[in-house]
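Here are some exercises on one protein model, each with a worked solution. Try each task on the structure before you read on.

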Amino acid sequence: MSFMELNARELKVNPFAMLHEEWALVSAGGLNDSGTGPRTVLNNSGTDPRTVLNNSGTDPRTVLNNSGTDPRTVLNNSGTDPRAVLNNSGTDPRAVLSYNTMTVSWGMMGTMWNKPVAMVFIRPQRYTKEFVDRADSFTLSFYPKEYKKALGLLGSKSGRDGDKIGESGLTPYFLDDTVAFEEAHTILVCRKLFGDQPLDAAKFVDLKLAPEFYPDQDFHHMYFGEVIKVLTKE
Ligand SMILES: Cc1cc2nc3c(=O)[nH]c(=O)nc-3n(C[C@H](O)[C@H](O)[C@H](O)COP(=O)(O)O)c2cc1C
């Protein structure tokens, strides 16, 4: 089913129930530099995302090196790494995705600076934070009940440690220089307005909250995004 676009103010949702009960994904990043796919493949020196061997292990760009010692030596375009090799599944243990996502159940939707705004709260250790910090936008996306297990997985594993997105079975959906997933029933595309502001321990009025939620002092960082597009299937 394809998405239809709504104005943020036409969205009929209960943000309290939606975030608390359904959860959501915060995602950021996009296609890799060559624009060919979602996967940035780093070679050993981390210099070229585009070196790829074909199935037979040869490559149109394969050349013998000067000493003639390695028939699989592949010079990449920049001539920097002779050893980048993809495995059979076409993925690479050294591959990193150029986007990431994580589950959230805390957040807000409302009005700020006369704009429709969504806020998300991201702890400093989240890999997704690196993508949100680098990007101009992020998405907040919501899913039908049957994807709760996938959201559980995306909220318990880190993209830093492996391909959790592949494991979740969700299908990346690239839009507006950012990313969400095709299985979403609602996607909010958010243009970052204000961000990376940690909650201040000294400002808690309810003194029970900080010790309960931040025993490790890993206070959430706040991000405000202007909701510039709403896609929905409902
Ligand atoms: C239901 C649920 C809600 C969560 N809400 C948040 C949240 O609001 N903020 C946050 O920083 N982490 C939250 N998390 C934890 C992250 O989703 C989790 O640490 C995730 O593995 C981070 O992945 P990453 O390292 O790939 O970014 C939540 C996890 C679950 C399961």
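**Exercise 1. In the hairpin of S9 and S10, find the residue that takes a positive phi. Then describe its surroundings.**

Solution. This is a predicted model, so read every value as computed from it.
- Step 1: Start with the strands. S9 and S10 are antiparallel and share 4 bridges.
- Step 2: Pro172 sits opposite Phe181 in S10.
- Step 3: Go to the turn. The hairpin has 2 residues between its strands, and Asp176 has a positive phi near 50° there.
- Step 4: Check the next residue. Asp177, in the loop between S9 and S10, also has a positive phi, about 60°, although it is not a glycine.
- Step 5: Judge exposure. A residue is buried at 20 or more other C-beta atoms within 10 Å, and exposed at 12 or fewer. Asp176 has 16, so it is partly exposed. Asp177 has 14, so it is partly exposed.

**Exercise 2. Which residue takes a positive phi in the hairpin of S6 and S7? Follow S7 on to its other pairing with S12.**

Solution. 
- Step 1: Pair the strands. Strand S6 (residues 107-112) runs antiparallel to S7, with 6 bridges.
- Step 2: Locate a pair. Thr111 faces Pro116 in S7.
- Step 3: Look between the strands. There are 2 residues there, and Trp113 takes a positive phi near 50° in this hairpin.
- Step 4: Move to S12. S7 and strand S12 (residues 221-232) are antiparallel too, with 6 bridges. Phe121 stands opposite Met222 in S12.

**Exercise 3. Which residues have the most contacts inside the largest nonpolar core? Trace the contacts of Val26.**

Solution. 
- Step 1: Find the core. The largest nonpolar core holds 38 residues, and Ala24 and Val26 have the most contacts inside it.
- Step 2: Set aside the neighbours of Val26 within four places in sequence. Its contacts then include Thr101, Met102 and Val104.
- Step 3: Go on along the chain. Val26 also touches Val120, Ile122, Thr128, Val132, Phe138 and Leu140.
- Step 4: Recall a general rule. In soluble globular proteins, nonpolar side chains tend to be buried together.
- Step 5: Of its 234 residues, 27% are buried.

**Exercise 4. Which residues of helix H2 are buried, and what covers them?**

Solution. 
- Step 1: List them. Thr128, Lys129, Phe131 and Val132 are buried in H2.
- Step 2: Look down the helix axis. The buried residues fall within an arc of 160°, so they line one face of H2.
- Step 3: Find the cover. It includes S2, S5, S7, strand S8 (137-142) and S12.

**Exercise 5. How many residues surround the ligand, and which element supplies the largest share?**

Solution. 
- Step 1: Count the shell. The ligand is surrounded by 20 residues.
- Step 2: Pick out the closest. These are Tyr127, Thr128, Gly155, Ser158 and Gly159.
- Step 3: Sort by element. S5, strand S7 (115-122) and helix H2 (127-134) each give at least two residues. The largest share, 4 residues, comes from S5.
- Step 4: Sort by class. The shell has 7 nonpolar, 9 polar and 4 charged residues.

Methods:
Residues numbered from 1 in each chain as written. Predicted model: local features only at pLDDT ≥ 70, side-chain atom pairs only at ≥ 80, totals over all residues. Core = buried A, V, L, I, M, F, W, Y, C linked by C-beta atoms within 7 Å. Contact = placed C-beta atoms within 7 Å. Near = placed C-beta within 6 Å. Nonpolar A, V, L, I, M, F, W, Y, C, P; charged D, E, K, R; others polar. Pairing = 2+ DSSP bridges. Arc of directions from axis to C-beta.
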